[in-house]
Amino acid sequence: KYYTSYNIAHGKQFFLLNCAVCHGNEADGTGPRAEVMREAKPRVLTDLDWIKSKDDIYLLRSIKYGVPGTSMTPWGDLTNGLQRMQLVMFI
């Protein structure tokens, strides 16, 4: 019931403003910042095998706390719970 067009649209807006710089506008890992990342490239969020292997809690934790050993930095201090939920709904 939470996967509404309103929440998904707000998640997309947040993604385009904050996440696309690394993950790309199409979530394919080709954002402008990805070009300079040498050690760990951004996750390709359109990889259906990967996304199907993760649940919403994994994605929420990744956004809030970051992912050690990767380029994914924590966004917990820069987002609230609703923003993170909307972002996961969009992804």
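User: How many helices and strands are there in the protein?
Analyst: This is a predicted model, and the protein has 4 helices and 0 strands in it. Going along the sequence, the pattern reads α-α-α-α.

User: OK, and what's the radius of gyration?
Analyst: The radius of gyration is 12 Å, close to the 12 Å that the globule rule gives for 91 residues, so the protein is as compact as a globular protein of that length. If you box up the C-alpha atoms along the principal axes, you get roughly 40 × 25 × 25 Å.

User: What share of the residues count as buried?
Analyst: 34% of the 91 residues do.

User: Buried or exposed?
Analyst: Glutamate 39 counts as exposed because its relative accessible area is 79%, and the cut-off for exposed is over 50%.

User: And how far is its C-alpha from that of glycine 69?
Analyst: Those two C-alpha atoms are separated by 9.4 Å, with glutamate 39 and glycine 69 lying 30 residues apart along the chain.

User: Across the protein, what share of contacts between residues at least 6 apart in sequence join residues at least 24 apart?
Analyst: That comes to 38% of those contacts.

User: Last one, charges: how many positive and negative?
Analyst: The protein has 11 positive and 9 negative charges, and their mean positions are 5 Å apart.

How values were computed:
Residues numbered from 1 in each chain as written. Predicted model: local features only at pLDDT ≥ 70, side-chain atom pairs only at ≥ 80, totals over all residues. Heavy atoms only, no water. Buried < 20%, exposed > 50% of the residue type's maximum accessible area, 1.4 Å probe, protein only. Helix = DSSP H or I, 4+ residues; strand = E, 2+ residues; numbered from the N terminus. Rg over C-alpha atoms; globule rule 2.2 N^0.38 Å. Contact = heavy atoms within 4.5 Å. Lys, Arg positive; Asp, Glu negative; His and termini not counted. Charge placed at Lys NZ, Arg CZ, Asp CG, Glu CD.
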